[in-house]
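User: Could you take a close look at the aromatic residues in this one for me? I'd like to see how they sit relative to the packing around them.

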Amino acid sequence: MNRIIAVKLLVANILPLILSNYLFSQVDDSRLTVMVFLGIDCPISQDYVVTLNNIHEQYKGFVKIEGVFPGKCKQRSVSQFNRDYSLNFSTKTDRKNRIAKKLKATVTPEVFLFDRSGKVIYRGAIDNWYFELGRHRSSPTEYFLLDAIGAAIAGEEIKIKETKSIGCFIEKVK
């Protein structure tokens, strides 16, 4: 077999499987996982930290929350964000946007709820507090992520599986 053809087959067929396993190796099979894309300079991400910390505390043992900072942010900046906003869940960087691309995440904050097998069972907004950029209600009236978590824990069908996230656009990385 020609070396070029072999390399193309590897890149086209095997590499995506390896990459997929790597990206989602953090999904904990004993509980649900929330992956939330956050932006260091995104005011909406900053506003939702308290909500995310509360969800982490409320569902400790049932749900793992992992923050993902996409783009060319430095680990030092992420660590500073974690300290400034007192995040009580783990975070990591996605400098090449591999995770963001795989999940088709477009804004921060945007959440993905994974079941115990690693399948996305909800994606979108945390709630409806923000209804457009720069505009929010005094308090949310719909709690999309909490409803999805509650249904999943109870073994029920999630009624709303996807919503539109309002937030800061994730910059493309070359």
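How many aromatic pairs does the structure hold?

Analyst: Bear in mind that this is a predicted model. The structure holds six aromatic pairs. Let's start with Y48 and Y130, a tilted pair with 6.2 Å centre to centre and 45° between the planes. Y48 sits in helix α2, while Y130 belongs to strand β7 (residues 130-132), so this pair ties together parts of the chain that are 82 residues apart in sequence. Both Y48 and Y130 are buried.

Now for F69 and F81. This pair is edge-to-face, at 5.2 Å centre to centre and with 75° between the planes. It links distant parts of the chain too, with F69 in strand β2 and F81 in helix α3, twelve residues apart. F69 is buried, and F81 is as well.

Next, the nonpolar packing. The largest nonpolar core has 36 residues, and V34, L113, Y122, L145 and I149 are the ones with the most contacts inside it. At least two residues of this core come from each of β1 (32-37), α2 (43-58), β2 (63-70), α3 (75-84), β5 (110-114), β6 (120-124) and α5 (144-154). So the helices and strands that carry Y48, F69 and F81 are on that list of suppliers. The largest share, six residues, is from α5.

Leaving out its neighbours within four places in sequence, V34 is in contact with V63, K64, I65, E66, V111, F112, L113, L145 and I149. Apart from this core lies another one, of ten residues, and F37, A105, F114 and I170 are among them.

One polar spot is worth a look as well. S165 lies in the loop between α5 and β9 (168-169). Its relative accessibility is 9%, which is why S165 counts as buried. A polar atom of the S165 side chain lies 3.0 Å from the backbone oxygen of G124, and the backbone nitrogen of A125 lies 3.2 Å from a polar atom of that side chain. Not counting residues up to four places away in sequence, S165 touches V107, P109, E110, G124 and A125.

Conventions. Residues numbered from 1 in each chain as written. Predicted model: local features only at pLDDT ≥ 70, side-chain atom pairs only at ≥ 80, totals over all residues. Heavy atoms only, no water. Core = buried A, V, L, I, M, F, W, Y, C linked by side-chain atoms within 4.5 Å. Buried < 20%, exposed > 50% of the residue type's maximum accessible area, 1.4 Å probe, protein only. Helix = DSSP H or I, 4+ residues; strand = E, 2+ residues; numbered from the N terminus. Contact = heavy atoms within 4.5 Å. Phe/Tyr/Trp six-rings, centres within 6.5 Å; stacked < 30°, edge-to-face > 60°. Polar contact = N/O pair within 3.5 Å; in protein donor to acceptor, adjacent residues only side chain to side chain.
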